[in-house]
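Hi,

Here is the model we spoke about. My notes on its salt bridges follow below.

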Amino acid sequence: MTHVVGGFESQPWDDFTDALLRRATALFVSESRGPNDGLAGLRVTDEEAATLVEHPSAHLDAANDDVLRVLDSELAASRERMWKELEQPSLLSALAWLARLEADDVEVFAFLLGVELEPRRQRLLMYAQDNVTLSRPTLTTLRRIFPAPHNGALSVVEDGRLRRAALVDVGNEGPWATRIVSLPSSVTWAFVGDTSLDRDLPMGARMVPGVPRPVDEDEGLLLVSGADAETRRRQAIDRLNRPVLVTPCAREEHEWDALVREATMAGAGIILEVGEELPAVARRRVERADHIPWVISSTTDVPLDQLPARPWTELSLVDEPVPQDEIRELLGEEASGRRLDREQLRLVGLALDGGKPDPADAVRRLASGHLDRRATRIRPRRAWDDVVLPPEQLALVHALVERYRHRRTVYETWGFQPLPSAGQVALFSGPSGTGKTLTAEVVAGELGMDLYKLDLSSVVSKYIGETEQNLEAVFASAEAADVVLFFDEADSLLGKRSEVSDAHDRYANIEVSYLLQRFERYNGLVVLATNLEKNIDPAFTRRIHVAVEFPSPEAEQRLAIWNLSFPKDCPIEALDLDWLAETFEITGGSIRNVALSAAFAAAALDQSVTMERVLGALRHEMRKLGRLIDERTFTGYQQPKPRKATTKNRR
């Protein structure tokens, strides 16, 4: 960043500050001469003070009206010279121009800066204030150095221009008379040429370069809402036509001071990016710093009762995706058809610059940071051979894949209207353990996408509106990164709306209504899974493009699942899988649990999986499911029946 202030050369305030200090020293000698105790280092002696002001010590020993008249004349001459120099472009005149400082404000600031930059003046100020611990002026000193009708100390009041621009600090401890007046460190650094941003700025604040200029009277406040953050940013930057400080809302007072100060010294505007509400402290700061053009950027309109008391204009933007040619320019042809807004495209660009050479990986990073906190990422490892379903249901799952794979052809090439969106919503219903999650994983793998299984505990909130906010973050991230969203136990979110009898019913209905609208606008793939299809609100039916009912497996499907449940490297001995499939009517999930339990029992003894161990695991699984156990079924099985294809379909 480049401040409009900076440099080491002789400055217009030098002579002026020295003249003020000479007069202050003479006044101290004539009005309040303290005892000379000779303690070196604990006081500034008369002789040293005389040397510092470059006046004979006699002037200090016997300050009189003649001496003061001479000093007043010197001060008037130095003041005149300073103002003549400030008529030309200079360091101080630039800041006065940008911060709308009055003449008295400029003189007080020039004095503070002159003291801050010169140790000799600090020693002299200690003498004039009769206190070696006070190397900076107090409020009383400002009153004495700048007598009425000069504003003096009144130039640093809370509502003064210097304080509005955060260019001076006033201590808040001790009696008013002894409170220290100083310059913030970043201001002093700027005047000696430092171009770095203030370290107290809020995290995430950044400066967009431009040509500094003061705010016009008719600029006021600009409200920008809608679209995405980067689109709002671009529109605001174009309208401000100067350097711009883009920042989230500050949290602490010193961060607000840094924002105002940095914008003032850079001749910049501030784009304040807020959530749904504008904090009261933000309103106050926007009102006070009226020398800065402010932009309030928000997704939705800021309520009228939260707006600062400044004239404002409003710009509402439409949420539109980035044109495909811009996406292809950054991500290549393989990204054709991907839907991104400008903020997401900017973030993907950062990922590519930061070490993600693969555009697909960079896009996935859009989702991972937000989704990983609210959903479980499943990287697909299983394929169609792992899915055991009747032919009709399997055909529907294949149809879901083809619908999503060819949506661009249908909607873009052939011209079908994607009403209301080009997204696909599938419903997988059926008893627990029938393969709904597994099938969703296979669908994601077939499409080359990650599967995110939503963690309801991290989404649903007891606080009003937070559930919708969390879900919006999930949908926005998933849509940008092109992943499959999997809502397990979807009936808990999509339950039927009921008559409103209390506040809980009202807000539960609001959540369902929100999801209905969000599914319509979502352009990605959503899979809803439920064990209780009848509990889902009927309004979701028309939003569902493919509905697949997962039945409990028949004997033929159970046999296939038994075969798939034992990997090829698992040692087995005389398992009668036909008998198991015919005898025990359990789901695929239970079959896999039995196979795993039997495998652990065998591994503990370093032996093979036997029928005895499988039957023991079956007993445990049946008890867990609350099923009645007929011991005759278990004890009636005596010898394994010969079976030619014991290892058929085993992997």
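**Salt bridges across the chain**

Glu107 is buried, with a relative accessible area of 4% (buried means under 20%, exposed over 50%, partly exposed in between; 1.4 Å probe, protein chains only). This is a predicted model, where local features need pLDDT of at least 70, side-chain atom pairs count only at pLDDT 80 or more, and totals for chains, interfaces and linings use all residues. Residues are numbered from 1 along each chain as its sequence is written, and side-chain values use heavy atoms, with hydrogens and water left out.

Glu107 forms a salt bridge with Arg79, with the closest N and O atoms 2.8 Å apart (a salt bridge is a side-chain nitrogen of Lys or Arg within 4 Å of a carboxyl oxygen of Asp or Glu). Glu107 sits in helix H6 (residues 103–116) and Arg79 in helix H4 (residues 65–86), so the pair ties together parts 28 residues apart in sequence. Helices (H or I, at least four residues) and strands (E, at least two) are DSSP runs, numbered from the N terminus. Arg79 is partly exposed, at 23%.

Arg161 and Asp290 also pair, at 2.7 Å from N to O. Arg161 lies in helix H9 (residues 161–164) and Asp290 in the loop between helix H13 (280–288) and strand E7 (294–298), so this bridge ties together parts 129 residues apart in sequence. Arg161 is buried at 18%; Asp290 is partly exposed at 21%. Both belong to a salt-bridge network that also includes Arg100, Glu158 and Arg288.

In total, the structure holds 30 salt bridges.

Best wishes
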